[in-house]
Amino acid sequence: LGPTVCVGEILVEIVATTVGDGFLEAQPLVGPFASGAPAIFISQCGRLGGKAAMVGAVGDDDFGRVNTDRLKRDGVDVSTISIDPDYPTGSAFVRYRKDGSRDFVYNIATSAAARFGWSQPVGDLIHRSGHLHVMGSALSVPSAREVIDKAVDIVKARGGTLSVDPNIRKELKLDENTKRRFSKLVAAADLLLPSGEELERAAGVEGEADAIRRLFEVGVKEIVLKRGAEGATYFGRDGDRIDAPAFVVQEVDPTGAGDCFGGAYLTCRRLGMSPQQALTYASAAGARNVTVLGPMEGAGTQQELDAFIASTERRP
Ligand code: ATP
């Protein structure tokens, strides 16, 4: 039915190479790395051999080229990434703390990432797309929101499918309008990919079992809950449940695990694999990506994931 399309922010990430106490002290940095949750997702789709295209914007600068060159190499169609002549590519700086938490400094709101819109090439792509992937966080960005609203209606009307990663942090307060849009988006999802407490937030109900039940009631078709180093769980509408234990790895950089996991799961399902098979590749993609510094530097091809699966133990 056409390529998987992801709409959203494209950034570079510049990350600390040591663990410290936040941004107030000088630390060695490395980067720029291609990044942005939707870009990581689509990179993993492309690497696995699924047809994939990205809608978003970068500035007319080297940070932008880091992203477009990388996605092109991954096999992603980048013709609908617009080049903004006036605003720079978005960026994020990341530092790691001793307790495992991360500090971020973002420049997104005043970057090209927050300024793309609907255009003829975007419309043409959406009209031939078979699947749309959307991050809940994009609903707070007015330009992305407009593209997403239109794209969801068009893709669903032509029989395409929708996946949604709520990607909404607990601290983020949504206004009533965004909450309504978020609920509508969740209800339209053929595949929902929440992590941790996002499940209950997306359902508006407490408790895992009640949240799952509620989400199926409102129309979600398939749910995969991401649990970090604890693994992941598939829930089907027919009551099926599959627990996928995590692979045992040395975590170097947790950023991007969820997006690699989601991109791999979706691509495998679109390529005709069972939930069980797709979960294995997705778990491998998430785990492999945390073993290297940089948000999508560990995204694997099918061959790389097969080698990883064959050589890595899973938690009991
Ligand atoms: P992020 O927002 O950082 O991209 P997320 O919260 O959406 O991540 P996670 O649950 O952290 O998603 O990771 C997705 C999947 O990747 C997990 O379900 C697991 O299969 C795998 N994974 C993540 N971290 C690890 C780890 N430390 N060891 C093994 N597997 C991991």
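**Threonine 178**

I began with threonine 178, which touches Leu139 and Arg145, leaving aside residues up to four places away in sequence; contact here means heavy atoms within 4.5 Å. The model is predicted, so I kept its limits in view: local features need pLDDT of at least 70, side-chain atom pairs count only at pLDDT 80 or more, and totals for chains, interfaces and linings use all residues. I count residues from 1 along each chain as its sequence is written, and side-chain values use heavy atoms, with hydrogens and water left out.

I then placed threonine 178 in helix H5, residues 176-187. Helices are DSSP runs of H or I with at least four residues, numbered from the N terminus. Is threonine 178 buried or exposed? I find it buried, at 6% relative accessibility. Buried means under 20% relative accessible area, exposed over 50%, and partly exposed in between, with a 1.4 Å probe and protein chains only.

**Ligand**

Next I looked up the ligand. I find 22 residues around the ligand, and Ser195, Gly228, Gly231, Glu251 and Gly258 come nearest.

I went through polar contacts, meaning pairs of N or O atoms within 3.5 Å. The side chain of serine 195 has an N or O atom 2.9 Å from a ligand oxygen. For lysine 226, a polar side-chain atom lies 3.1 Å from an oxygen atom of the ligand. Glycine 256 uses its backbone: a polar atom there is 3.4 Å from a ligand oxygen.

How much of the ligand does the protein bury? Taken alone, the ligand exposes 620 Å², and the protein buries 84% of that. I note that the areas come from the Shrake-Rupley method with a 1.4 Å probe.

Helix H8 (257-270) and helix H9 (275-289) are the elements that give two or more residues to the shell. H8 has the largest share, with four residues.

By class I list 10 nonpolar, seven polar and five charged residues in the shell. Asp, Glu, Lys and Arg count as charged; Gly is among the polar ones.

**Cysteines**

Last, I searched the whole structure for disulfides and found zero. A disulfide is a pair of cysteine sulfur atoms within 2.5 Å. Cysteine 6 is in none; its nearest cysteine sulfur, that of cysteine 45, is 7.3 Å away. Cysteine 6 is buried, with a relative accessible area of 0%. Cysteine 45 is likewise in no disulfide. I find cysteine 45 buried too, with a relative accessible area of 1%.

How values were computed. A residue is near a molecule or strand if one of its heavy atoms lies within 4 Å of it. A polar contact is a pair of N or O atoms within 3.5 Å; within protein, one must be able to donate a hydrogen and the other to accept it, and residues adjacent in sequence count only if both atoms are side-chain atoms.
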